[in-house]
Amino acid sequence: MQRVHAVFTNGAFVPNEPYDLPEGTEVDLFISTEGRMEEPLAPPQDRGQIMARLIERMSSEKLSPDAPRFTRDELHDRR
């Protein structure tokens with residue numbers, strides 16, 4: 001995954017720098033109008049602790065056996 005900064009002009013997203021993609025290539029855009037995020041949300045030294053707390057919480061709050069099951073297509077959002 002790569003980050004490309006663009007400006008919305010005349011109904012199209014125009015990259016700030018040239019980007020070499022074949023004509024007709026489809027891409028997914030994630031739009032942020034709040035400005036650019038220059039740094040990650042958590043500093044690298046804190047990420048291990050955050051992940052450990054997340055895993056601990058997920059382990060302590062298990063799904064019930066009768067929870068709905070998703071199909072493969074639903075899990076991968078295939079359209």
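The following dialogue explains how to read several features of this predicted model.

Q: What is the mean pLDDT of the protein, and in which helix is confidence highest?

A: The predictor states its confidence residue by residue, on a scale from 0 to 100. Here the protein averages a pLDDT of 81, and 89% of the residues score at least 70. Confidence is highest in helix α1 (residues 44-60), with a mean of 88, and lowest in helix α2 (residues 72-75), with a mean of 83.

Q: In what order do the elements of the protein run from the N terminus?

A: The secondary structure consists of 2 helices and 2 strands. Read from the N terminus, the order is β-β-α-α.

Q: How many salt bridges does the structure hold, and which residues form them?

A: Side chains of opposite charge can pair when their charged atoms come close. The structure holds 1 salt bridge. R57 pairs with E61, the closest N and O atoms being 3.6 Å apart, and the cut-off is within 4 Å. Both R57 and E61 are exposed.

Q: What share of the residues is buried, and what is the accessible surface of the protein?

A: Of the 79 residues in the protein, 3% are buried. The accessible surface comes to about 8600 Å², and carbon and sulfur atoms account for 53% of this surface.

Methods. Residues are numbered from 1 along each chain as its sequence is written. This is a predicted model: local features need pLDDT of at least 70, side-chain atom pairs count only at pLDDT 80 or more; totals for chains, interfaces and linings use all residues. Side-chain values use heavy atoms; hydrogens and water are left out. A salt bridge is a side-chain nitrogen of Lys or Arg within 4 Å of a carboxyl oxygen of Asp or Glu. Buried means under 20% relative accessible area, exposed over 50%, partly exposed in between (1.4 Å probe, protein chains only). Helices (H or I, at least four residues) and strands (E, at least two) are DSSP runs, numbered from the N terminus. Accessible areas come from the Shrake-Rupley method with a 1.4 Å probe; for residues, only the protein chains shown count as cover.
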